[in-house]
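Here's a quick briefing on a few local spots worth a look.

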Amino acid sequence: MKNRILAFIKTNLTVILFVVFSVLIEMISVYSIEKSPFISYPWIWLGLLFLIAGIMLMIKSELVRLIIGVSFMAVQSIICMIMAVLFNMAGQYFDFGMLNLRNDAFGILENIPMDFVTFYTALFFCLVFAISTARRRRKNVEQQASENTAEIKTKKRIRLISGSAIAAAGLLVAVLSTYNVNKDQKSKYDDLRYSTDSSVYNAYGVSGNLINEFASGLIFTENEVIADSKVNDFIYAEVSEPTDCFGISKDNNVVVVLVESLEWFGMMKKDYLPNALPLTDEQYAELFPNLTAFESSSVVMTDFHSKEKTDISETMSILGSYPTHGYINYDYYEGAIPQTIPNILRSLYDDDIVINSYHNGSKTFYNRDVAHVSYGFSHFMSSEEMYQLSDQMQKDGLADHEIMHNYMGEGERNLDSEMIELCKDKMFPQDQRFFTYITSITMHGMYYERKNLADYKKKLLSIYTDRTGSDEEELLINYLCTVMEFDKALGLLMDDLREKGLLDHTTIVLFGDHNCYYQDLSNYVKNIYDYDTEMNYSDLYRVPLMIYDEHVGHKVIDKFTCTADIAPTILDLLGIKYYSNIYYGHSVFSEEESVIYSRAYNFFVDDGIVAKSLSRPLFKADNITDEDWDDFRDRGNTLIDKLEYCDQIFTRDFFSDKANYDMFLEKMKDINSELIQ
């Protein structure tokens, strides 16, 4: 028996080496991302691996085995390296919905950093496998020449039987494991509560997660259906509680400004920003006069966090919720979404309000040109239309110069100030109430020398003269130049509203969509590079949220807030009651605190807490007590209930059913009957 086993190993050493090297590549790839090589549920990926190994066993030719083995390992290595690069650049795990973003999110990356651990490991094992297999091929040719017919038939029979058995077992394990993971869609909500895995890749492996995501995206796309009556019971179970600021801005215009990558270190120095530019308060005020004035006269959320990509932050601020599967802008935009702020305003005020959206990027980016119509905007104005408007104004003699230039066509970002200057009369009409949403672009990455920011840099360097010359400092300086450009845009916005007599009855919400993760700038300034730090890791995601409203005045709110709180806050200020179960957040003026579930990054964030699940903290600050953790879990459990029903609403297109849609509108009118009388 021992001799037979040794003979089998010797004969099939190529296949055994393939399995061993493939396992090592997978584990080292997981380690390069997660700092731990262990995979708790490897069966999906191992099933596929043994399927390939079984096929290789059935093949006599060492050359064909070599080609199959090297090809599979090369594909595996490329996949692992791409996923490692994706995670290192953006902190994201791959999910099936990302395929919709391939021409958007991946098309704007400024550089592709190499993951050298994965690359050199994979290259080494591929080379060792190829060399050893090539040498064995020469020896096997000599050995096979001396074999008789009976020996050849016996070995062929053993190859076919053992190979087919292993291949069949591998296929069965892969299919059953994938089915088991996905058969009960409700289990993903249990995972959010109880999973102790530190990451997706520690759970399934890099290749296993890829296989599982494709299977779940192509096959297991439907949630377990909850009856309409039960969904309605959940939606309408709770009406929002008015805060002290409820209705204080009842008839106001509203301007929401999503400021790409805005961080507090772009306008001031704070204690948790050790590597911010060492300027005085007076110097910051000189460089950013409009942001400084805005901050000093607004409601300021000092503990506001956002951990999403731009499209999700944008949608969350408009809608107040987001499904755990898919991307609204691509997967669900054709459905009915009556719960957005624009659609609620439209249903309550008919056409007595102008509701438009503006972005000085391309119209198809994140599918905004069609998605924003579903959100309830009458019109989405993109850079293409802005260029045409600028040209037309010159032709009509309304402008003596090009107001908005196509810098994006020259490889730079467009200027936010030019967008405001060009569109201000459309954005802020004098003769009609308006809800205007503005998404900026100047601060979107590319923190290197830009021609259209040269004057800002000259001014900045005239004030900051004690330079260290480090690459990180240069990156920060170039970032601050983009903030100076937005500061100019904000000044134009405020001046136009003031000159038109609109400022005293306009609510302006200004927030950063996410931390400045481009080129690790946020990590550098906050001196946070991994979980093993004494600093507050959740601070990495702390960004500005400010609300200018003369009815409220200046105040500071220190409680934990997040992007999901923006929509409920706007409704609260406007005196609009809402059904709180379909909004993840709360008004910032309420005593309730929210918790973040990051759709893009698949973890929870609270003040001082980052957690993979409610049972698996990735980071807990030193000051987090057991009571804090229990409170986080209570709020997290409430959020997960909302996630489950939100998934029902989107994946089933719940409100496209006319009865469900009409019920929502009628109930919204009922609870706001005093407002619309």
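Aspartate 228 is partly exposed, at 29% relative accessible area (partly exposed lies between buried, under 20%, and exposed, over 50%; 1.4 Å probe, protein chains only). Keep in mind that this is a predicted model: local features need pLDDT of at least 70, side-chain atom pairs count only at pLDDT 80 or more, and totals for chains, interfaces and linings use all residues. Residues are numbered from 1 along each chain as its sequence is written, and side-chain values use heavy atoms, with hydrogens and water left out.

**Aspartate 228**
- Aspartate 228 sits in helix α10 (residues 228-235); helices are DSSP runs of H or I, at least four residues, and strands are runs of E, at least two, numbered from the N terminus.
- Not counting residues up to four places away in sequence, aspartate 228 touches Arg652, Phe654, Asp657 and Asn660 (contact means heavy atoms within 4.5 Å).
- Aspartate 228 and asparagine 660 are 432 residues apart in sequence, yet their C-alpha atoms are 8.3 Å apart in space.

**Helix α19**
- Tyr456, Lys457, Leu460 and Ile463 are buried in α19 (residues 454-463).
- They cover an arc of only 125 degrees around the axis, so they lie on the same side of α19 (the arc uses directions from the helix axis to the C-beta atoms).
- Over on the other side of α19, Asp455, Lys458 and Ser462 are exposed.
- The buried residues of α19 pack against α11 (281-287) and α20 (471-499).

**Serine 590**
- Serine 590 is in the loop between α22 (566-573) and β11 (596-598), and serine 590 is buried, at 16% relative accessible area.
- Setting aside neighbours within four places in sequence, serine 590 is in contact with Thr243 and Lys559.
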